Amino acid sequence: MFHRNIKLILAGLLFVTAIWQFTESNIGNGIFLLLLTIIPILLYFKNEYILLAFLKLRNQDFAGAKMWLDKIKNPETALIQKQQGYYNYLNGLMVSQTNLNQAEKFFKKAISLGLSMDQDLALAKLNLAGIALSRRRKLEATNLLNEAKKLDKHNMLKDQIAMMKEQLRRI
């Protein structure tokens with residue numbers, strides 16, 4: 001795992017080398033190096049381990065996703081802020097099956113760091129509402145459910161939100 005600034009330095013070196021190749025009349029090498037410059041810049045904004053963890057989660061392979069996330073040793077230096085949010089979000093999803101205290105910490109940290117997509121933010125708030133509901137904190141669960149409903153613009157979480165509201169009425 002490279003520090004995030006090393007990726008930018010590598011992109012800068014590739015760019016300078018591409019310019020040098022253009023000045024030496026090696027147009028093909030310059031174009032290739034410019035295209036190669038895109039990779040470290042892409043990996044600066046989209047961490048490779050988080051992308052692989054999302055791919056594993058898509059296949060319901062929680063152990064594989066946890067393995068990829070564990071490869072990130074120091075998320076504060078290796079990831080930008082949004083990536084740290086997704087790192088905590090994914091860890092919260094993994095841990096939510098076994099340890100609610102730790103999952104709550106991960107989800108709250110993910111929300112505070114920020115998530116790019118409203119759907120992810122809605123799911124994190126829905127999970128926090130479920131944790132609050134299991135601890136009989138009705139007011140907090142109600143507020144989180146209302147926020148999740150506002151963020152769920154495509155009604156993908158409509159059934160889960162309705163189920164949680166039904167459980168809230170029973171308390």
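This is a predicted model: local features need pLDDT of at least 70, side-chain atom pairs count only at pLDDT 80 or more; totals for chains, interfaces and linings use all residues.
## Helix pairs

Two packed helices are described by the angle between their axes and the distance between the axes.

| Helix pair | Axes come within | Crossing angle |
|---|---|---|
| α1 (residues 4-23) and α2 | 8 Å | roughly 170° |
| α6 (residues 81-95) and α7 (residues 100-113) | 8 Å | roughly 155° |
| α8 (residues 118-134) and α9 (residues 138-151) | 8 Å | roughly 160° |

Beginning with the pair of α1 and α2, the axes cross at roughly 170°, and that makes α1 roughly antiparallel to α2, since an angle over 145 degrees counts as roughly antiparallel. The crossing of these two helices, α1 and α2, is left-handed. On the α1 side the residues that meet α2 include Leu8, Leu14, Phe15 and Phe22, while on the α2 side those that meet α1 include Ile31, Leu34, Pro40 and Tyr44. Sorted by class, the residues in the contact of α1 with α2 comprise 16 nonpolar, five polar and two charged.

For the pair of α6 and α7, whose axes cross at roughly 155°, the result is again described as roughly antiparallel, and the crossing of α6 and α7 is left-handed. Among the residues of α6 that take part are Gln81, Gly85, Asn88 and Tyr89, and they belong to a contact in which α7 contributes residues including Ala103, Phe106, Phe107 and Lys109. In this contact of α6 with α7 there are eight nonpolar, eight polar and one charged residues.

The axes of α8 and α9 cross at roughly 160°, and the two helices are therefore roughly antiparallel to each other, with a left-handed crossing. The contact draws on residues of α8 that include Asp118, Leu121, Lys125 and Leu128, and on residues of α9 that include Glu140, Leu144, Glu147 and Leu151. Twelve nonpolar residues, no polar ones and four charged ones make up the contact of α8 with α9.

## Aromatic rings

Searching the whole structure gives five aromatic pairs. One of them joins Tyr44 and Phe45, whose ring centres are 4.9 Å apart and whose planes stand at 90°, an arrangement described as edge-to-face. Tyr44 has a relative accessible area of 15% and is therefore buried, because buried means under 20%.

The rings of Tyr49 and Trp68 have a distance of 5.7 Å between their centres and an angle of 25° between their planes, so this pair is stacked. Tyr49 belongs to helix α3 (residues 48-58) and Trp68 to helix α4 (residues 62-70), and so the pair ties together parts that are 19 residues apart in sequence. Tyr49 is also buried, with a relative accessible area of 16%.

When neighbours within four places in sequence are left aside, the residues in contact with Asn91 are Lys66, Leu69 and Phe106.

Lys46, by comparison, lies in the loop between α2 (27-45) and α3, and its relative accessible area of 46% makes this residue partly exposed. With neighbours within four places in sequence again left aside, Lys46 is in contact with Leu51 and Gln83. Lys46 and Phe22 are 24 residues apart along the chain, and a distance of 29 Å separates their C-alpha atoms.

Where do Ser25 and Arg136 lie? Ser25 is found in the loop between α1 and α2, and Arg136 is found in the loop between α8 and α9. The phi angle of Ser25 is near 65°, a positive value in a residue other than glycine, and that of Arg136 is near 60°, likewise a positive value in a residue other than glycine. Ser25 is exposed, with a relative accessible area of 60%, and Arg136, at 60% relative accessibility, counts as exposed too.

Key
Residues are numbered from 1 along each chain as its sequence is written. Side-chain values use heavy atoms; hydrogens and water are left out. Axes are lines fitted to C-alpha atoms, for helices over the stretch in contact, and angles run from 0 to 180 degrees between N-to-C directions. Helices (H or I, at least four residues) and strands (E, at least two) are DSSP runs, numbered from the N terminus. Angles under 35 degrees count as roughly parallel, over 145 as roughly antiparallel, 65 to 115 as roughly perpendicular and the rest as oblique. A crossing is left-handed if the near helix is turned anticlockwise from the far one by less than a right angle, and right-handed if clockwise. Contact means heavy atoms within 4.5 Å. Ala, Val, Leu, Ile, Met, Phe, Trp, Tyr, Cys and Pro count as nonpolar, Asp, Glu, Lys and Arg as charged, and the others, Gly among them, as polar. Rings of Phe, Tyr and Trp (its six-membered ring) pair if their centres lie within 6.5 Å; planes under 30 degrees apart count as stacked, over 60 as edge-to-face and the rest as tilted. Buried means under 20% relative accessible area, exposed over 50%, partly exposed in between (1.4 Å probe, protein chains only).
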